[in-house]
Amino acid sequence: MLRRLAVGIEIVCSFFDLLSSLASIRRSSAYLIGYLFKNCDIYIGDVAPNMISTLIILFSDPDSDTMVVAWQALSSVVSSVPKEVLPTYIKLVRDAASTSRDKERRKKKGGPVLIPGFCLPKALQPLLPIFLQALDSYYR
């Protein structure tokens, strides 16, 4: 069972890289990742950093439906990670947001650079637990 789950995660992760030109595949992969993290009974937090990074990068996806699904999946991934581990993801989130910003910057020549996924209503909601736990652990 655990071996099949690991293979399944690897297959879903490969969709992001191999079929990146198909929005429906990116959207479906993000949905599956969110579903997996939300409904899995065993701990799969070892792949959470890679998923968080990839899903944040999808915030600059040209397909708006993919952005929304990535936002929902990010919420599921972050909520599955133990609170004690969340503060270690600050740099990961910053680097992924920077990559997403650079992706948007390459699309536009001049003018303000906005990451569309962060312009959604309540867009920071999935990332809020990471920053709250980091502040909480800092002041303890």
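Which residues in helix 5 are buried? Keep that in mind as you open the structure, which is a predicted model. Residue numbers start from 1 along each chain.

**Stop 1: helix 5**

Select helix 5, residues 90–107. This helix has 18 residues, and from its first C-alpha to its last it reaches 26 Å, close to the 26 Å expected at 1.5 Å a residue. Now colour V93, A96, A97, S100 and E104: these are the buried residues of the helix. Turn the view until you look down the axis of helix 5. The buried residues fall within an arc of 100°, so they line one face of the helix. Then pick R94 and R106, which are exposed on the other side of helix 5.

What lies over the buried face? Show helix 3 and helix 6 next, as both are among the parts that cover the buried residues of helix 5.

**Stop 2: V93**

Stay in helix 5 and centre on V93. Its relative accessible area is 4%, and because buried means under 20%, V93 counts as buried. Display the side chains around V93: leaving aside residues up to four places away in sequence, V93 touches I52, I56, L127, I130 and F131. V93 and I52 are 41 residues apart along the chain, yet their C-alpha atoms are separated by 7.5 Å.

**Stop 3: the aromatic pairs**

How many aromatic pairs does a search of the whole structure find? There are 2. Begin with Y31 and Y35, a stacked pair with 6.3 Å centre to centre and 25° between the planes. Y35 is partly exposed, at 49% relative accessibility.

Move on to F59 and F118. Their ring centres are 5.0 Å apart and their planes stand at 75°, so this pair is edge-to-face. Trace the chain out from each ring to find where the two residues sit. F59 is in the loop between helix 3 (48–57) and helix 4 (64–80), while F118 is in the loop between helix 5 (90–107) and helix 6 (128–138), so the pair ties together parts that are 59 residues apart in sequence.

Is F59 buried or exposed? F59 is buried, at 0% relative accessibility.

Key. Predicted model: local features only at pLDDT ≥ 70, side-chain atom pairs only at ≥ 80, totals over all residues. Heavy atoms only, no water. Phe/Tyr/Trp six-rings, centres within 6.5 Å; stacked < 30°, edge-to-face > 60°. Buried < 20%, exposed > 50% of the residue type's maximum accessible area, 1.4 Å probe, protein only. Helix = DSSP H or I, 4+ residues; strand = E, 2+ residues; numbered from the N terminus. Expected span 1.5 Å × (residues − 1). Arc of directions from axis to C-beta. Contact = heavy atoms within 4.5 Å.
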